[in-house]
Amino acid sequence: GGASGQSDFAMAHKYPMISMNEAVDRVISRAHPLPQESVAFVDAVGRVVAEDFVAPRPHPPFAASVMDGYAVRSADCPGVVTLIGASRAGAPMRGAGNTSIQPGQCAYITTGAPLPPGADAVVPAEECRVDGGTVSIDADVDAGKWVRPVGFDIKAGETLVPAGSLVGAHEVGIVAAAGGGEIYVHRKPKLALLSTGDELAEAGEVEPDASSGRIYDANRPMLAALAKTSGVDDVLDLGRAADEPGALASLVARAHAEGCDVLVTSGGVSEGDRDYLKEVLLGEHGGGIEGEVHFGRVMMKPGKPLTFAEVQSKTNRGGNKMLVFALPGNPVSAAVTFHLVVVPTLRRMMGWRDPRLRRVHVVVSSDLKLDPERPEYHRATLDWQEQLTTTSLGAFTPGASTDDVKSTRHLPAAHSTGKQVSSRLTSMRGAEVLMELPRGPGMVAKGTVVSALVIGNVSSASVQLPAISPEVVR
């Protein structure tokens, strides 16, 4: 802000209030996938593929048995054939100089072993009678029975992991099966974190009480953890900065100079007489930087002062621009706004095709009073086991209708995490979604279906519905 209430008032209205949807659109339009790099496929977990990974060879590379049994010529079945050798996984047939199956012959074979030349089928061991060196087969056998042909699982030249795919354990296995070594992925962004405020202290540094006026800095450790869970582990910790514009400017400049793609700050963006950060980002307090603030207020609760800017060097205007997210200082506001705008930005930079938070439908488990001034992102936990009577489907976005909800029988119940004030960080504990509640007045009644943005790991949520024995159509 400025030095007086009047200048604060001017600053407050310098930036028009925008919706969260517009804020996310502006952010994503300025975040771009980072250049690609080659990494060992085993190190690519959590990365996004930049170029299609194409199979360099077929798999299996040879016709392989699907069963333990006997490799035969289908033309010899039914009949009695002579056992001449064995083909085992990793050890193709070696027997008395014979490497191929001639008419009237067979070979023992194990699952995954190469089918010997001359054979065109496999008969499971339990369907054969073995007597010394002969094998009796009583039934007809079709050519190709119990055999995986060359390229059955993977064809040479097949796209196995398309560009835009998020690499997980199964993708690693697929690349390994194809004999891949390295794959091209998008570079991860480098992120800087900075907490601002004269009141902040580290644990053990000072005892927070009325005499010191200090509180512990929860934001930096929390936001670093959120960055890590979002797939970003290259984090520059800029520490804490006092509410002094020159010091703030030098730290912002340092983040840019050290090649950070994103800077996330917390505090100093509201309307107090020591909230200088917007001015700093515009280059009004030195540091050799200049910037453009794309928005400085968002119609939301919590987090109205959320600010997004781009900063560059004054002396190298053609150089890289650093994206800056100035989050409010209250820890809940910082956490919620990080999820809503920073996470999609990081995803976009890492190459995600759809970087936005995933939206689900939930049933509110209690009456929720609405904020009369702003839409609210209400923290909640999910419970699929509690079945609530649905009283209302609410209103859908343009182009949608209530037909989009086929059944609410197994929509999860959403339990509020309690008092939703922006300083109460325990309201984030266990939160799996942010319920999207409209501006009041009024309330959303228990049993109403609302939309919610996923911020937690739903795979660990309270999901344990009964197993279903499906109706079988014959």
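Buried means under 20% relative accessible area, exposed over 50%, and partly exposed in between (1.4 Å probe, protein chains only). This is a predicted model: local features need pLDDT of at least 70, side-chain atom pairs count only at pLDDT 80 or more, and totals for chains, interfaces and linings use all residues. Residues are numbered from 1 along each chain as its sequence is written, and side-chain values use heavy atoms, with hydrogens and water left out. Helices (H or I, at least four residues) and strands (E, at least two) are DSSP runs, numbered from the N terminus.

**Helix 4**
- Helix 4 buries Asn219, Arg220, Met222, Leu223, Leu226 and Ala227.
- These buried residues fall within an arc of 165 degrees seen down the helix axis, so they line one face of helix 4. The arc is taken from the directions from the helix axis to the C-beta atoms.
- Pro221, Lys228 and Thr229 are exposed, on the face turned away from the buried side of helix 4.
- The buried residues of helix 4 pack against strand 13, strand 16 (235–241), strand 17, strand 20 and helix 7. Contact here means heavy atoms within 4.5 Å.

**Nonpolar cores**
- A nonpolar core is a set of buried Ala, Val, Leu, Ile, Met, Phe, Trp, Tyr and Cys residues joined through side-chain atoms within 4.5 Å.
- The largest core holds 46 residues, and those with the most contacts inside it include Met20, Val264, Phe325 and Leu327.
- Among the elements giving two or more residues to this core are helix 2 (20–30), helix 4 (219–229) and helix 7 (331–349). Helix 7 gives the most, with 11 residues.
- Beyond its neighbours within four places in sequence, leucine 327 touches residues including Leu223, Val264, Leu306 and Phe338.

**Aromatic rings**
- The whole structure has three aromatic pairs. Rings of Phe, Tyr and Trp (its six-membered ring) pair if their centres lie within 6.5 Å; planes under 30 degrees apart count as stacked, over 60 as edge-to-face and the rest as tilted.
- Tyrosine 70 and tyrosine 108 have ring centres 5.6 Å apart and planes at 70 degrees, so the pair is edge-to-face. Tyrosine 70 lies in strand 4 and tyrosine 108 in strand 6, 38 residues apart.
- Tyrosine 70 is buried at 9% relative accessible area, whereas tyrosine 108 is partly exposed at 24%.
- Phenylalanine 295 and phenylalanine 308 have ring centres 5.7 Å apart and planes at 40 degrees, so this pair is tilted.
- Both phenylalanine 295 and phenylalanine 308 are buried. Ring pairs join Phe295, Phe308 and Phe325 into a cluster.
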